[in-house]
Amino acid sequence: MCGIFCSLHVGCCGDTDDIHHHGGPNNTIFHELSERLKVANAARGPDAQGTHHARVHWQGTCFSETGVPSPSETHRGGPALDLEFFASELRLRGDTPIVQPHRQDGDVFCWNGEVNAYENDGVKLFQSMHSLPAMDDLPFLLGRIEGPYAFVYYHAESRKLYFARDPLGRRSLLIHKPSVLNPYFLLASVSAGDNQGYVMEELSTDGIFCLDVGQLCESKEITQHFDSSLTCIPRDIDRQILPFAKLSRVNTTLPPDAPPLVPSLDCAILPRDLAIAVDRLIDHLENSVMLRVQNIPRRKLSEKGRAQVAVLFSGGIDSTMLAFLAHRHVPLDEPIDLLNVAFQNPRKIQVQTDGNIGAIPKREKKRQLKLAEISRTVKESASYMVPDRVTGLQEVEEFRRICPGRTWNFVEVDVPYEESQAARAAVEAIMFPGRTVMDLSLAMALYFASKGVGRVRISAAHDDYQPYTSTARVLLNGLGSDELLGGYGRHRTAYATRGWQGVIDELQLELDRIPTRNLGRDDRVISSHGKETRHPFLSLTVVSFLAGLPVHLKLDPRLELGLGDKTLLRLAARKVGLLEASVRKKKAMQFGSHSARMEAGEAEKRGDLMIRTVSEP
């Protein structure tokens, strides 16, 4: 995991006053904003940070390891554009510490991604990029990368800047395009929050972007000619030899008129095609998990015997399956942390303890409020027994029965109301440009869960806990299962209104919008703690396998909840021995953790409404 920041703005041409003549930003404001963005992106990579500068003239490119190119480099005449590259490094690959940006012969590369499980990804990929016969071959190189990524690459010979995210958008990269008010170009893994100095947007995953910096420099006007200097290169030049250039399409084959109903999760009585699909899902998912939990380097010897891998854990079927498969590939003498978050939610506590007191007579309301005050201590102690805590505790007991020898650290991350509100401004800044009610409730849950600060039970005695902070820097996340396997209520609605064709259409829509929904926001939030989230369900190999299955092998909306939703995954969980998890019903993270709707009167607030920031009246 790394943080990337890249800026381009009009540079001085031997005279510091010329910066305004060439349409550049106010130097002080621009550099203050740049420093804030570098600080924000440094948090993503606490192991190392580096900066590199380049000045692009109409005649060529000058370079500087630190600081802006010297005045002696500015007398070539004509306009100049200053490029700055900053990268921070979270070392999760290879044995050798690496400092980015990578540089060779004028080329500069900032990388945030996963390619190889055993070596440093950025070093190997930079060598491959630098050795390309022509930059037209870049799509062929990227089309063979299965893992998540975001990158910025400056090709000195052509004076072009290339940047992109993987087809699913599993790593964040934000873009600000030059405007009259803010005439500079910015790329960043994470922003510094809402700021008048930029209009940040998620970079599209539609293709590989190329900015012709040389052409922009010769045009002498960065804002007016920016769009004509920016092109989007298609990824899928040849689908047959580029397996990971583009997302697979959902299988459109309609099932037989009356596909057989699965009466139970008993794998011994399944139709042959469904039994084969169950085995293949287990194989694909296990391989995906294996690649994401093995060969994680330790920072220091004192960490031996402490967890390297954690799971964002609700006790639901998705996170439970990932934790179980991780158990198969993490050394047995190494604990696995199960991060389970619960929020103190005043609105929920009031409803649970007092009922809907707004609908009862005034005298009775006073009496109940007095009783509530007396029992405040009881309420406080019970306020963290949220749905995800209940199912998490149940599931960890199942793990201890079927996974002997493994230490499971069930980390209870309890978030008092005051603490969640105090963190709100920071969370809003990190998740930006996400600004909806749902963005905030999900980001709050991920922020505190991934921080990993809580407590673990040390005996069966009541309240026998000790404080615990997770050392794991790799966090497994079950996102993608519902979209690929039909876990949402809308899939049942689609079947009720349009039959199997409606379900197929809905699953395709789910797949199409994965890159634009949660992944960039989740990456920004979790990485703010110097940790990396990995999505085994969103391995492009797993996505391709599940998309290619006939719809009736993945779900059956004719069956009740707990069986008909994500049927294939439930059968897989049952087959590996997760009996209790296989029948649990879905609970969205923001409701399972009680991070949503904390204030009185918020019960009906729609998730797609825009929030007001804490600084707004």
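Buried means under 20% relative accessible area, exposed means over 50%, and partly exposed lies in between (1.4 Å probe, protein chains only). By that scale Arg558 is partly exposed, with a relative accessible area of 30%. Asp556 is buried at 5%.

This is a predicted model: local features need pLDDT of at least 70, side-chain atom pairs count only at pLDDT 80 or more, and totals for chains, interfaces and linings use all residues. Residues are numbered from 1 along each chain as its sequence is written, and side-chain values use heavy atoms, with hydrogens and water left out.

## Salt bridges

A salt bridge is a side-chain nitrogen of Lys or Arg within 4 Å of a carboxyl oxygen of Asp or Glu. The structure holds 44 of these salt bridges.

| Pair | N to O distance |
|---|---|
| Glu114 and Arg534 | 3.5 Å |
| Arg584 and Glu395 | 2.6 Å |
| Arg558 and Asp556 | 2.8 Å |

Salt bridges that share partners join Arg44, Glu114, Arg171, Asp523, Glu532 and Arg534 into one network.

Helices (H or I, at least four residues) and strands (E, at least two) are DSSP runs, numbered from the N terminus. Glu114 forms its salt bridge with Arg534, and this pair links distant parts of the chain, 420 residues apart. Glu114 sits in the loop between strand E6 (107-113) and helix H3 (121-130), while Arg534 belongs to strand E20 (residues 532-534). Glu114 is buried, at 8% relative accessible area. Arg534 also counts as buried, at 2%.

The salt bridge of Arg584 and Glu395 spans 189 residues. Arg584 lies in the loop between helix H20 (567-575) and helix H21 (589-592), and Glu395 lies in helix H12 (residues 387-402). Both residues are buried.

Two strands pair if DSSP finds at least two bridges between them. An open sheet is formed by 6 strands in the order E5-E6-E7-E8-E12-E13, with antiparallel pairing. Its edge strands are E5 (102-104) and E13 (230-233), each pairing on one side only. Axes are lines fitted to C-alpha atoms, for helices over the stretch in contact, and angles run from 0 to 180 degrees between N-to-C directions. Neighbouring strands of the sheet are turned by 15° against each other on average, direction ignored.

Within the sheet, E8 (residues 160-165) and E12 (residues 208-212) pair in the antiparallel sense over 4 bridges. The bridge partner of Tyr162 in E12 is Cys210. Helix H3 lies across E5, E6 and E7 (149-155), running at about 135° to E6; contact here means heavy atoms within 4.5 Å.

## Aromatic rings

Rings of Phe, Tyr and Trp (its six-membered ring) pair if their centres lie within 6.5 Å; planes under 30 degrees apart count as stacked, over 60 as edge-to-face and the rest as tilted. There are 18 aromatic pairs. One of them, Phe85 with Tyr154, is tilted, at 6.3 Å centre to centre and 40° between the planes. Phe85 is in strand E4 (residues 80-89) and Tyr154 in E7, 69 residues apart. Phe85 is buried at 0%, and Tyr154 is buried at 0%.

Phe163 and Phe185 form a tilted pair, at 5.7 Å and 45°. Phe163 lies in E8 and Phe185 in strand E10 (residues 185-188), so the pair ties together parts that are 22 residues apart in sequence. Ring pairs also link Phe109, Trp111, Phe126, Tyr149, Phe151 and Tyr153 into a cluster.
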